[in-house]
Amino acid sequence: MSIWWSLHLRREAASVPLARRLLLGTMETAGVDPDICYDLSVALSEACANAVEHGGDTAEDYRVTAFIDGDTCRIEVTDSGPGFHHRPAPPAPPHTATDRPLPPAAPVPTPAQAPEFAEDGRGLFLIEALTDHVRYRNRTGRPGAVVSFDKILKWREGAALPMAS
């Protein structure tokens with residue numbers, strides 16, 4: 001059995017708990033383990049909050065899509081803001097006269113390396129920490145960012161809608 005739903009939400013703070021409650025209700029009804037439900041609801045809340053905050057000056061909406069298929073849940077949050085800014089790749093390190101590579105330069109900071117006491121930048125870190133696989137990309141052919149993440153599901157004993165793989 002598969003479950004799929006998609007929401008088109010206004011880019012306002014009140015939309016975040018709505019998306020979270022719909023996801024939680026769906027997963028609880030299907031019989032997903034409460035700890036997994038919680039992890040995914042926090043990750044979804046962070047992705048939605050980012051869409052609300054960074055979705056662009058004129059963008060008025062964003063989309064949340066969730067798929068439960070077998071033992072996997074995939075969630076995708078798409079906005080129509082400016083998208084992710086690509087960081088240039090660091091230049092290749094120069095070689096010495098013996099052609100041994102020099103140690104690489106410090107890595108370009110990623111969302112998972114948010115400063116310890118930062119007030120911003122923790123959302124992507126939380127999504128990465130609470131899910132099994134995360135993808136960030138810009139929309140193809142139009143402005144906007146897409147954050148999608150997957151989590152392997154565990155089921156409660158006696159789940160109402162046990163999923164077959």
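Student: Before we start, what are the ground rules for the numbers here?

Tutor: In this predicted model, local features need pLDDT of at least 70, side-chain atom pairs count only at pLDDT 80 or more, and totals for chains, interfaces and linings use all residues. Residues are numbered from 1 along each chain as its sequence is written, and side-chain values use heavy atoms, with hydrogens and water left out.

Student: How do you know which parts to trust?

Tutor: By pLDDT, the predictor's confidence in each residue, from 0 to 100. The chain averages 81, and 73% of the residues score at least 70. Residues 95-109 fall below 50, and beyond near neighbours in sequence that stretch has 10 contacts in the model; contact means heavy atoms within 4.5 Å.

Student: What makes up the fold, read along the sequence?

Tutor: The pattern is β-α-α-β-β-α-β-β, with 3 helices and 5 strands. Those are DSSP runs numbered from the N terminus: H or I of at least four residues for helices, E of at least two for strands.

Student: Why are β2 and β3 called paired?

Tutor: Two strands pair if DSSP finds at least two bridges between them. Strands β2 (residues 61-69) and β3 (residues 72-79) have 8 bridges and run antiparallel, so by that definition they pair. T65 has E76 as its bridge partner in β3, and D69 stands opposite T72. The two strands form a hairpin with 2 residues between them, and G70 in the turn has a positive phi of about 65°.

Student: What about β3 and β5?

Tutor: They pair in the antiparallel sense over 7 bridges, with I75 opposite F149 in β5.

Student: What is the strand order, and why do β1 and β4 count as edges?

Tutor: The open sheet runs β1-β2-β3-β5-β4, with antiparallel pairing. Each of β1 (2-10) and β4 (133-138) has a single partner strand, so one side of each is left without a neighbour in the sheet. On average, neighbouring strands are turned by 10° against each other, direction ignored.

Student: How do the helices sit on it?

Tutor: Helix α2 (residues 34-54) lies across β2, β3 and β5 (145-152), at about 10° to β3. Helix α3 (residues 122-130) lies across β4 and β5, at about 140° to β4. Axes are lines fitted to C-alpha atoms, for helices over the stretch in contact, and angles run from 0 to 180 degrees between N-to-C directions.
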